[in-house]
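Please walk through this structure with me, one feature at a time. Keep the sequence and the 3D view open side by side.

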Amino acid sequence: MKTELPNNPLAGREYEPPKYFQISRDVISMIQRGALLPGVLVPSENEIIEKYRVSNTTARKALHELEKEGWVTRVKGKGTFVRDYTIVRAINRIFGFTKNMVEAGRKPSTRLIGFHLRSEDRTQTINGRSFTLKGPFCEIERVRYADSIPMMKETRFISLGLCPDIHRRNLEQSLYGIFARDYGIHLTEINQMLSAVVLEGEALKPFQLTKPVPAFRVEGASFCGKDLIIEMEDSIYRGDVYRFAAKALGSRTGDKK
């Protein structure tokens, strides 16, 4: 006996989110691709009404949605501004991207975009000194996000001698977490070199940007023991959302010039 199923009144229809939600996604997209930078006014209630041809209630709900999700900040009497997503990274501390974002009140995430296994040694010159990572090693490329905003693109070279089979781990997690949890390894020293570059052309794609922006290039070697390199890096940090901070201590006798 054949059972006839009742007709589905929604068959053939596509779900369409509420208009206020669509508008908020549109503004978020502009923030993510750099069309609306931190500190800049987002479209006002009247501008939303005119652009999207919606009621003032819908426009108000769209702005409220943006504020509720933490993308904007309302200043009474002045307007609604893109939230300042600038992250301060202390270069005299050993801690990873994930912890940096959590401390800054952001939600970190990672996307793996490249992966290779290499057998040769790798040598980098950092601050005038040559460092060599012994092969074999695992080379990975990742884009790191804070609240869904691309913050940095990193290329890391991880020792397979110290971390065998790390390429079989979930490499979209914190590497420092994997080092500690799976291999009992904690970093003891990092040597890094910071330089200024400009993101343009193809380099903009991982960041979902359309216009050139200043950036920081960080090259480094990380150690887990005396002269024992566990990984190297060559990373690009967006200069419009990152600040690097360092702390220097003066000599007890004072500097003489």
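Helices here are DSSP runs of H or I with at least four residues, numbered from the N terminus. Glu45 is found in one of them, helix 2, which covers residues 45-52. The model is predicted.

Stay with Glu45. Its relative accessible area is 24%, so Glu45 counts as partly exposed. Now look across to Gly79. In sequence, Glu45 and Gly79 are 34 residues apart. In space, their C-alpha atoms are 9.3 Å apart.

Next comes Arg53. This residue lies in the loop between helix 2 and helix 3, the latter spanning 56-68. Is Arg53 buried or exposed? Arg53 is exposed, because its relative accessible area is 77% and the cut-off for exposed is over 50%.

Asp165 also calls for a look at the backbone. Its phi is about 65 degrees, a positive value, although Asp165 is not a glycine. Asp165 sits in the loop between strand 8 (149-159) and helix 5 (175-183). With a relative accessible area of 37%, Asp165 is partly exposed.

Which residues does a cis peptide bond join? The bond runs between Gly135 and Pro136, with omega at about 0 degrees. Pro136 belongs to the loop between strand 6 and strand 7.

Move on into strand 7, residues 137-146, where Glu139 is placed. Is Glu139 buried or exposed? Its relative accessible area is 14%, so Glu139 is buried; the limit for buried is under 20%. The side chain of Glu139 has a partner. A polar contact of 2.9 Å joins it to the side chain of Arg118.

Strand 6, residues 129-133, holds Phe131. The aromatic rings are the next topic. The model has three aromatic pairs. One of them is formed by Phe131 and Phe223. A pair of aromatic rings is described by the distance of the centres and the angle of the planes. Phe223 is in strand 10, residues 213-223.

The charged end of Arg25 sits over the ring of Phe21, 4.1 Å from the ring centre. Arg122 lies over the face of Phe157, and here the distance to the ring centre is 3.7 Å.

Now turn to Ala196 in strand 9, residues 189-199. Ala196 counts as exposed, because its relative accessibility is 71%. Ala196 and Gly239 are 43 residues apart in sequence. Their C-alpha atoms are 8.6 Å apart in space.

Definitions and conventions
Residues numbered from 1 in each chain as written. Predicted model: local features only at pLDDT ≥ 70, side-chain atom pairs only at ≥ 80, totals over all residues. Heavy atoms only, no water. Phe/Tyr/Trp six-rings, centres within 6.5 Å; stacked < 30°, edge-to-face > 60°. Helix = DSSP H or I, 4+ residues; strand = E, 2+ residues; numbered from the N terminus. Lys NZ or Arg CZ within 6 Å of the ring centre and 35° of its normal. Buried < 20%, exposed > 50% of the residue type's maximum accessible area, 1.4 Å probe, protein only. Polar contact = N/O pair within 3.5 Å; in protein donor to acceptor, adjacent residues only side chain to side chain.
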